[in-house]
Amino acid sequence: QGHTNDVLSVSFSPDGNVLASGSNDKTIRLWDTYTGACLKVLLGHTNFVNSVCFSPDGHILASGSSDQTVRLWNPHSGSLLAILQGHTGDVMSACFSSDGSVLASGGYDQTVRLWDSRRGECLHLLQGHTNLVDSVCFSPDGSVLASGSYDQTVRLWDSHSGERLHLLQGHTNFVNAVCFSPDGSVLASAGYDQAVRQWDAKAGRGVHVLRGHTRHISSVCIGP
């Protein structure tokens, strides 16, 4: 306990020793997963913290906020490393590539931005969605980025060139979760239409529609 408003996102450090949580109270808290003690409180965002994500090596924590910024933190010291500015609306999702060199962010301005996580520079601005982008996820090899949007579509992008590879259509309401399988061959997406859709990520076509939920789906994850 410690947050004073809703907790919107959590992320484990790669070694599992630390849990980060982002909240509507505008703070990020780092927790010792063994004792449950709060290790640090990261202050700086001026609005809700919608997304938190550790880099694969655990040396950077990224946070996306409704203050329209992405912030990079040193989770060991709690110091602020960089403020990534460019979004013109709430940042709803952030995700590192598998090697940690690139950070993706998406939000209310209907765009996805790819950032150099070391230099804090915007590498690509991915445009095409016609409503807010609520979820972004890299393929395991980092070559493809998936984005899920309230425009009811999922888009697959070449993370190196910024080119759109596929437009995945089939959802009948907002899409707010996307996730690749561990081998990158399958993408799962879900949202307000109460269905989980599985896609062939390489071919860009639907494979299965999983139904049974009776309300909107907030998160998906494919096991090993």
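Ring pairs join Tyr150, Phe174 and Tyr192 into a cluster. The model is predicted. The structure holds three aromatic pairs, and two of them are described below, both involving Tyr150.

**Tyr150 and Phe174**
- The ring centres of Tyr150 and Phe174 lie 3.9 Å apart with planes at 5 degrees, so this pair is stacked, the cut-off being under 30 degrees.
- Tyr150 sits in the loop between β14 (144-149) and β15 (153-158), while Phe174 sits in the loop between β16 (164-169) and β17 (175-180), so their pairing ties together parts that are 24 residues apart in sequence.

**Tyr150 and Tyr192**
- Tyr150 also forms an aromatic pair with Tyr192, and this one is edge-to-face, at 6.1 Å centre to centre and 65 degrees between the planes.
- Tyr192 lies in the loop between β18 (186-191) and β19 (195-200), and Tyr150 in the loop between β14 and β15, so the pair ties together parts that are 42 residues apart in sequence.

- Phe174, at 28% relative accessibility, counts as partly exposed.
- Tyr192 counts as partly exposed too, with 31% relative accessibility.

Key
Residues numbered from 1 in each chain as written. Predicted model: local features only at pLDDT ≥ 70, side-chain atom pairs only at ≥ 80, totals over all residues. Heavy atoms only, no water. Phe/Tyr/Trp six-rings, centres within 6.5 Å; stacked < 30°, edge-to-face > 60°. Helix = DSSP H or I, 4+ residues; strand = E, 2+ residues; numbered from the N terminus. Buried < 20%, exposed > 50% of the residue type's maximum accessible area, 1.4 Å probe, protein only.
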